[in-house]
Amino acid sequence: MSGAPVLSVRALTRHYATGAGLVRALDGVSLEVAAGELIGIFGPSGSGKSTFLMLAGLLENPTSGEVWLAGERVSHAGADLDALREIRRKRIGFVFQKANLIPFLSAVENVALGLEIADVSPPDARAHARRLLAALDLAHRADSLPAKLSGGEQQRVAVARALANAPPLILADEPTAALDRVRGRQVMDIFRRIAAAHGAAVVVITHDPRSTDLFDRIVHFEDGRMCAGTVERY
């Protein structure tokens, strides 16, 4: 479907039954994200931000509603999550609060691993990984183990890993929470560059107000719902 949004979530809900009653973690959220767009999702803890990421990233099924990628319905209440594994691997890149690098692999090996799993030859995978690290100003750290990298460097390696398969959609959950102002700004600027240079749709869930000028749109969540009045070009 030509011109379709990279990500479209439609009336998405996720409800949990607990002893205290029904928890509406996400309650009827609809959102579209275009290629080349960087969107920030803000809201207090428990507002539904991370639940949104889990559903949009095909890591959980919604209670109701649908997730579409590039005009194709890929997730709904009855979807088979195991069958979506290949879509996640090829079309979605994830960046989390912790870099979660494999400690006994170098930076370049961490980035190349996903490519090798996808049957890219090790020499080609590592050559591509080095190009990605160089683009993120980490060429000089490519052969370093995670323990030898700063927090900001580890997070940039995690971003490179998320980009390895050139996914059209990047989802980031609190990627700057553990970083200081300077390193946090560097990581957010990388997302801005990825959206602009590669045409990826990038969604960043965050509490961090220090880089709001980089977003094309800012969406606020509260009590599992999107608040009215999305901020355009903050």
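The model is predicted, so local features need pLDDT of at least 70 and side-chain atom pairs count only at pLDDT 80 or more, while totals for chains, interfaces and linings use all residues. Residues are numbered from 1 along each chain as its sequence is written, and side-chain values use heavy atoms, with hydrogens and water left out.

**Stop 1: helix 6**

Select residues 181–198, which form helix 6. Helices here are DSSP runs of H or I with at least four residues, strands are runs of E with at least two, and both are numbered from the N terminus. How far apart are the end C-alpha atoms of helix 6? They are 25 Å apart, which agrees with the 26 Å that its 18 residues should span at 1.5 Å a residue. The expected span is 1.5 Å times one less than the number of residues.

Look at the start of helix 6, where a side-chain oxygen of Asp180 comes to within 3.2 Å of the backbone nitrogen of Val182. After helix 6 comes Gly199, with a positive phi near 70°.

Now colour the buried residues of helix 6: Gly184, Val187, Met188, Ile190, Phe191, Arg192, Ile194 and Ala195. Buried means under 20% relative accessible area, exposed over 50%, and partly exposed in between, using a 1.4 Å probe and protein chains only. An α-helix has 3.6 residues a turn, so residues three or four places apart point the same way. The cover over the buried residues of helix 6 includes strand 3 (38–42), strand 6, helix 5, strand 7 (169–173) and strand 8 (201–205).

**Stop 2: Ile194**

Stay in helix 6 and select Ile194. Ile194 counts as buried because its relative accessibility is 4%. Leaving out residues up to four places away in sequence, Ile194 touches Val159, Leu163, Gly199, Ala200 and Val202. Contact means heavy atoms within 4.5 Å.

**Stop 3: Thr13**

Go to strand 1 (residues 7–18) and select Thr13. Is Thr13 buried or exposed? Thr13 is buried, with a relative accessible area of 8%. Its side chain makes a polar contact of 2.6 Å with the side chain of Ser64. A polar contact is a pair of N or O atoms within 3.5 Å; within protein, one must be able to donate a hydrogen and the other to accept it, and residues adjacent in sequence count only if both atoms are side-chain atoms.

**Stop 4: helix 3 and the largest pocket**

Select helix 3 (107–117). Its buried residues are Ala107, Val108, Asn110, Val111, Ala112 and Leu115. Helix 4 (122–135) and helix 5 are among what covers them. Just after helix 3, Asp119 has a positive phi of about 75°.

Helix 3 also gives the most to the lining of the largest pocket, with 6 residues. The space in this pocket is about 590 Å³. Of its 26 lining residues, Arg89, Phe94, Gly114, Arg161 and Asn165 are the closest to the centre. On a 1 Å grid over the protein atoms alone, a pocket is an open set of points with protein on both sides within 12 Å along at least five of seven lines, a cavity is a set where a 1.4 Å probe fits but cannot get out, and lining residues have an atom within 4 Å of a point. Grid points are joined across faces, edges and corners, and a volume is the space filled by probe spheres set on the points.

**Stop 5: the cavity**

Finish with Val6, Leu69, Ala70, Arg91 and Pro168, which line the largest cavity. About 30 Å³ of space lies in this cavity.
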